[in-house]
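Here is a short briefing to read alongside the sequence and the 3D view. Have a look at the fold, then work through the points below.

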Amino acid sequence: TVKRLFSASHSSVDSKEMKKFQLLAHKWWDEEGEYSALHSMNDIRVPFIRDTLLNMSSNYHLGNPLSGVKILDVGCGGGLLSEPLGRLGASVTGIDPLEDNIRTADQHKSFDPVLAKRIQYKSSSLEEIVEECMETFDVIVASEVVEHVADLEMFIKCCSQVLKPEGSLFITTINKTQLSYVLGIVVAEKIIGIVPEGTHEWEKFVPPEELERLLEINGFSVKTVNGMLYNPLSGSWSWMESTSINYAMHAVKSGAQGQSSPADALSELESEQPLAAAGTTV
């Protein structure tokens with residue numbers, strides 16, 4: 001069933017998107033170049049992933065806080081996010097359908113013997129690894145990816161297949177609003193040029209409500225949605241309340257059927273003692 005559902009003939013990979021990124025495959029590690037905004041995004045997305053996972057776990061390894069955590073970085077590009085996650089101690093598998101991207105990532109990883117052991121890269125689409133990686137990973141990261149896929153629902157289904165029960169999915173992407181069109185395409189691509197022209201198609205941007213709906217019907221529970229803002233003058237990212245432009249989402253796959261997860265047990269306890277603790281909603 002899995003093989004039929006995720007056969008390579010029906011792929012979430014968009015061939016037009018592949019051609020765009022192939023032209024830039026050698027530029028991933030130029031911090032002043034076309035991917036400068038992704039480099040600086042690490043300043044907020046890496047702590048977001050790290051701190052969320054640490055808050056969910058009682059295991060803490062000093063110096064290697066993510067030691068023992070198996071992460072799949074989908075659409076890893078040249079390894080901009082895989083490397084810092086590897087430095088935190090995680091065992092990272094980075095996949096990307098573009099072989100040129102994987103070559104760049106492999107070459108850059110080879111400069112650091114520690115990363116060379118912790119990270120492995122593979123030229124592959126997500127659906128191509130589903131059968132061999134069923135419920136393999138503790139964490140999936142899809143950062144700046146879902147706005148480029150051809151079939152978002154199939155992409156989410158594949159994420160659910162390869163993620164362990166109670167595993168975490170982290171997504172960063174762009175909302176589909178008039179503001180995101182003006183800032184994300186007109187300003188960023190056509191006026192300032194911080195993103196190569198033609199990188200994004202507004203029609204493929206994903207509203208958080210739509211992403212949340214797809215996640216929930218595929219067995220995920222959305223825990224956090226945070227707005228993100230890029231300042232082109234300082235070249236830095238910050239968190240904000242509004243999700244009208246960029247946003248980050250954390251979702252957790254439901255546990256094995258018939259088993260309540262630690263999070264479920266905690267929420268039951270809180271509902272029985274509503275005055276015992278003050279909670280925050282995101």
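What share of the contacts in the chain with a separation of 6 or more comes from residues 24 or more positions apart? The share is 73% in this predicted model. The chain has 11 helices and 8 strands, and 47% of its 282 residues count as buried.

**The sheet**

- The 8 strands form an open sheet with mixed pairing, in the order β3-β2-β1-β4-β5-β8-β6-β7.
- At the edges you will find β3 (119-123) and β7 (236-240); each has a single partner strand, so one side of each lacks a neighbour in the sheet.
- From one strand to the next, the twist averages 20 degrees.
- Strand β1 (residues 70-74) runs parallel to β4 (residues 137-143), and 3 bridges join the two.
- If you want a residue pair to look for there, Leu72 has Ile140 of β4 as its bridge partner.

**Helices on the sheet**

- Helix α5 (residues 99-109) lies across β2 (91-96) and β3, and it runs at about 160 degrees to β3.
- Helix α10 (residues 208-217) also packs on the sheet, where it touches β5 (163-174), β6 (220-231) and β8 (246-253).
- The direction of α10 makes about 15 degrees with that of β8.

**The enclosed helix α8**

- Helix α8 spans residues 152-162 and is largely enclosed by the rest of the structure, because 8 of its 11 residues are buried.
- The buried residues are Leu152, Met154, Phe155, Ile156, Cys158, Cys159, Ser160 and Val162.
- Asp151 caps the N-terminal end of α8, with a side-chain oxygen 3.3 Å from the backbone nitrogen of Glu153.

**Cysteines**

- How many disulfides are there? The count comes to 0, with a cut-off of 2.5 Å between cysteine sulfur atoms.
- Cys159 is in no disulfide: the nearest cysteine sulfur belongs to Cys158 and is 7.2 Å away.
- Is Cys159 buried or exposed? Its relative accessible area is 0%, so Cys159 is buried, the limit being under 20%.
- Cys133 is buried as well, with a relative accessible area of 11%.

**The surface**

- The chain exposes about 14,200 Å².

Methods:
Residues numbered from 1 in each chain as written. Predicted model: local features only at pLDDT ≥ 70, side-chain atom pairs only at ≥ 80, totals over all residues. Heavy atoms only, no water. Buried < 20%, exposed > 50% of the residue type's maximum accessible area, 1.4 Å probe, protein only. Helix = DSSP H or I, 4+ residues; strand = E, 2+ residues; numbered from the N terminus. Polar contact = N/O pair within 3.5 Å; in protein donor to acceptor, adjacent residues only side chain to side chain. Pairing = 2+ DSSP bridges. Axes fitted to C-alpha atoms, helices over the stretch in contact; angles between N-to-C directions. Contact = heavy atoms within 4.5 Å. Areas by Shrake-Rupley, 256 points an atom, 1.4 Å probe, with all protein chains shown as cover.
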